Amino acid sequence: FHSHHSSDNLLATCHFTNSRKQDHHRREKMTVEEDIKKEGADGGEVAFAVAEPLTSGFTGVAFKESKDQTVGIAFRQELPDHPVTISKNTGLFANTDLKVGMEVESINGTVVDGLTRLKAISFIKEAEGKVTVVGKAVKGGAVAVIFKESKDQRCGIAFKQDVSTDPVTVSHVGEDGDFAKTGLKVGMQVISINNVPVEGGLKQAIALLMDAEGKVVVVGAPTATKKPKPGARTGAPPPPGVPAGGQWGRNTYRGDQTQTLMCIGCLCCGLPGLLFGLCPQDSRDAYRVGNRIYDASGKRIGTYPQENFYPGRIGTCPGGKVTPAPSYQINRA
């Protein structure tokens with residue numbers, strides 16, 4: 001296979017000039033990091049320029065006919081100070097360079113770093129006409145792009161999953177394989193393959209890679225190795241019927257309290273009151289094992305990272321038992 005990089009990636013250009021003026025027009029479109037001049041055999045100058053375009057990430061462009069039009073993209077943010085990432089991409093951006101698992105770098109030129117998920121969503125909802133979203137690999141992760149000439153060709157990479165509740169990770173990257181120089185490394189979690197979230201385990205990941213032909217994009221992220229936060233009851237037993245070895249935390253969702261606020265917001269502010277639905281106010285105790293999230297009764301409520309999960313924030317009562325969810329909350333899958 002041959003590794004292919006997006007035109008937005010770092011470019012290296014080498015050109016010969018007899019005068020720097022002849023090269024001025026092209027160079028003014030670049031951000032030159034290094035310029036080494038050597039004397040050529042013909043007495044001219046040999047200029048080596050390492051340049052990058054103004055946009056160095058993966059770009060997706062969509063057109064909204066109105067502010068009310070949905071674009072089929074969703075974001076997630078584990079904690080307020082964590083980056084905003086793409087958790088769903090099935091609409092207008094599906095056929096662009098944006099992929100599930102990428103960090104959102106900017107929206108219509110506004111840098112998203114340091115902003116909340118709700119703020120990023122508002123940029124999309126309030127936009128009309130051309131909408132440009134730029135994504136990049138999360139810190140410690142990678143966006144690997146290769147090309148498969150046929151389905152039968154090997155890629156020089158292997159995945160593993162110790163137990164069904166663990167995430168799928170990279171177990172081997174061949175030195176001479178297609179992924180060798182893509183930044184994807186052993187131990188990284190496989191978030192998506194060709195924009196399809198890897199939620200079905202090892203078999204799904206292998207099938208997605210083997211069935212792919214042409215351009216293949218694998219989004220990787222560092223495997224979470226979080227230490228228990230103070231007050232986190234990691235020793236508490238799991239919900240009924242749920243495997244042990246996970247962690248208790250909190251899950252926010254759209255329940256009765258959120259719907260009540262939406263109704264009040266609509267009565268007071270009109271349609272903008274629906275924005276309360278973008279920031280769920282209901283929360284419940286949750287138990288995460290691998291990518292799967294369960295409520296206190298053992299019912300599966302979603303998959304991480306599509307569902308929010310905040311570790312170490314569970315409510316407990318004497319004896320270490322999990323506090324039942326308040327009566328006004330309704331568990332919804």
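**Exercise 1.** Is D97 buried, exposed or partly exposed, and which residue is its salt-bridge partner?

*Solution.* 
1. D97 has 25% relative accessibility and therefore counts as partly exposed; buried means under 20% relative accessible area, exposed over 50%, and partly exposed in between, with a 1.4 Å probe and protein chains only.
2. The model is predicted, so local features need pLDDT of at least 70 and side-chain atom pairs count only at pLDDT 80 or more, while totals for chains, interfaces and linings use all residues. Residues are numbered from 1 along each chain as its sequence is written, and side-chain values use heavy atoms, with hydrogens and water left out.
3. The salt-bridge rule asks for a side-chain nitrogen of Lys or Arg within 4 Å of a carboxyl oxygen of Asp or Glu. D97 meets K215 under this rule, at 3.4 Å from N to O.
4. K215 belongs to strand β16 (residues 214-221) and D97 to the loop between β7 (85-89) and β8 (103-107), so the bridge ties together parts 118 residues apart in sequence. Helices (H or I, at least four residues) and strands (E, at least two) are DSSP runs numbered from the N terminus.
5. K215 is partly exposed, with 46% relative accessibility.

**Exercise 2.** How many salt bridges does the structure hold, and which elements does the E126 and K67 pair tie together?

*Solution.* 
1. The count is 3 salt bridges.
2. In the bridge between E126 and K67, the closest N and O atoms are 3.8 Å apart.
3. E126 sits in helix α2 (residues 117-126) and K67 in the loop between β5 (58-64) and β6, so parts 59 residues apart in sequence are tied together.
4. E126 is partly exposed at 45% relative accessible area, and K67 is partly exposed at 43% relative accessibility.

**Exercise 3.** Are D285 and R250 buried or exposed, and how far apart are their closest N and O atoms?

*Solution.* 
1. The salt bridge of D285 with R250 has its closest N and O atoms 2.3 Å apart.
2. D285 lies in strand β18 (residues 282-289) and R250 in strand β17 (residues 247-253), so this pair joins parts 35 residues apart in sequence.
3. D285 is buried, at 5% relative accessibility. R250 is buried too, with a relative accessible area of 18%.

**Exercise 4.** What is the geometry of the aromatic pair W248 and Y287, and which arginines lie over the faces of Y253 and Y304?

*Solution.* 
1. Rings of Phe, Tyr and Trp (its six-membered ring) pair if their centres lie within 6.5 Å; planes under 30 degrees apart count as stacked, over 60 as edge-to-face and the rest as tilted. By this rule the count is 1 aromatic pair.
2. W248 and Y287 are edge-to-face, with 5.0 Å between centres and 65° between planes.
3. W248 is in strand β17 and Y287 in strand β18, so the pair ties together parts 39 residues apart in sequence.
4. W248 counts as buried at 3% relative accessibility, and Y287 counts as buried at 2%.
5. A charge sits over a ring if NZ of Lys or CZ of Arg is within 6 Å of the ring centre and within 35 degrees of the ring normal. R284 lies over the face of Y253, 3.8 Å from the ring centre, and R288 over that of Y304, at 3.6 Å.

**Exercise 5.** How many residues does the largest nonpolar core have, and which residues does I107 touch?

*Solution.* 
1. A nonpolar core is a set of buried Ala, Val, Leu, Ile, Met, Phe, Trp, Tyr and Cys residues joined through side-chain atoms within 4.5 Å.
2. The largest one has 27 residues, and F75, F93, V104, I107 and V133 have the most contacts inside it.
3. At least two residues of this core come from each of β5, β6, β8, α2, β10 (129-136), β11 (142-148) and β16.
4. Not counting residues up to four places away in sequence, I107 touches F75, V112, A120, F123, I124, T132 and V133; contact means heavy atoms within 4.5 Å.
5. Another core lies apart from the largest one and has 20 residues, including A142, V168, V170 and V218.

**Exercise 6.** Where does A74 lie, and with which residues is A74 in contact beyond its sequence neighbours?

*Solution.* 
1. A74 is part of strand β6 (residues 73-76).
2. A74 is partly exposed, at 25% relative accessibility.
3. Leaving aside neighbours within four places in sequence, A74 contacts T85, I86, S87 and K88.
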